[in-house]
Amino acid sequence: MIVPWQEIPAATLDNLIEEFVTRDGTDYGEREIATATKVEQVRAQLKRGDAAVVFDDATETVSIFTREQLREAGL
């Protein structure tokens with residue numbers, strides 16, 4: 001189920017985005033990107049509609065999916 005990010009309390013959304021961007025641990029890209037920068041990038045994706053907050057009833061977990069991932073999941 002897609003959860004409107006605008007309805008999530010600001011502090012909760014901040015924590016969700018930060019957990020999402022740090023979930024995989026170390027960034028192995030060519031150059032390191034600060035966590036704060038990644039958080040702002042994801043926040044911008046949410047605002048543009050390029051990503052969405054999704055609640056999974058089966059696992060009772062919340063995550064952030066890109067538009068492509070939503071299509072693949074049939075959401």
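1. Strands here are DSSP runs of E with at least two residues, helices are DSSP runs of H or I with at least four, and both are numbered from the N terminus. Everything below describes a predicted model, where local features need pLDDT of at least 70, side-chain atom pairs count only at pLDDT 80 or more, and totals for chains, interfaces and linings use all residues. Residues are numbered from 1 along each chain as its sequence is written, and side-chain values use heavy atoms, with hydrogens and water left out.

2. Which strands does that pair connect? E2 and E3 (residues 61–66) run antiparallel to each other and are joined over six bridges. Two strands are said to pair if DSSP finds at least two bridges between them. You can follow other couples here too: Ala 52 faces Phe 65 of E3, and Asp 56 has Thr 61 of E3 as its bridge partner.

3. Now look at E1. Strand E1 (residues 2–3) pairs with strand E2 (residues 51–56), again in the antiparallel sense, over two bridges.

4. As background, strands of a sheet pair through backbone hydrogen bonds, either parallel or antiparallel.

5. Most residues other than glycine have a negative phi. Glu 60 is in the loop between E2 and E3, and the hairpin of these two strands has four residues between them. Glu 60 is exposed, with a relative accessible area of 64%. On this scale, buried means under 20% relative accessible area, exposed means over 50%, and partly exposed lies in between (1.4 Å probe, protein chains only).

6. Phe 65 deserves a visit of its own. Phe 65 sits in strand E3 and counts as partly exposed, at 25% relative accessibility. Leaving aside neighbours within four places in sequence, Phe 65 is in contact (heavy atoms within 4.5 Å) with Asp 50, Ala 51, Ala 52, Val 54 and Leu 70. Phe 65 and Trp 5 are 60 residues apart in sequence, and their C-alpha atoms are 12 Å apart in space.

7. Let's move to helix H2 (residues 35–48), where you will find Arg 43. Is Arg 43 buried or exposed? With 16% relative accessibility, Arg 43 counts as buried. Not counting residues up to four places away in sequence, Arg 43 touches Leu 13, Asp 14 and Ile 17.

8. Ala 36 is also found in helix H2. Ala 36 is exposed, with a relative accessible area of 55%. From Ala 36 to Leu 13 there are 23 residues in sequence and 14 Å in space, C-alpha to C-alpha.

9. Time to step back to the whole chain. The protein has three helices and three strands, which follow the pattern β-α-α-β-β-α along the sequence. The radius of gyration is 13 Å, close to the 11 Å that the globule rule gives for 75 residues, so the protein is as compact as a globular protein of that length. That radius is taken over C-alpha atoms, and the rule is 2.2 Å times the number of residues to the power 0.38. Along the principal axes, the C-alpha atoms fill a box of roughly 35 × 30 × 25 Å.

10. Of the 75 residues, 23% are buried. Among contacts between residues at least 6 apart in sequence, 41% join residues at least 24 apart.

11. Finally, consider charge. The protein has 8 positive and 15 negative side chains, and the centres of the two sets lie 8 Å apart. Lys and Arg count as positive and Asp and Glu as negative, while His and the chain ends are not counted. Each charge is placed at NZ of Lys, CZ of Arg, CG of Asp or CD of Glu.
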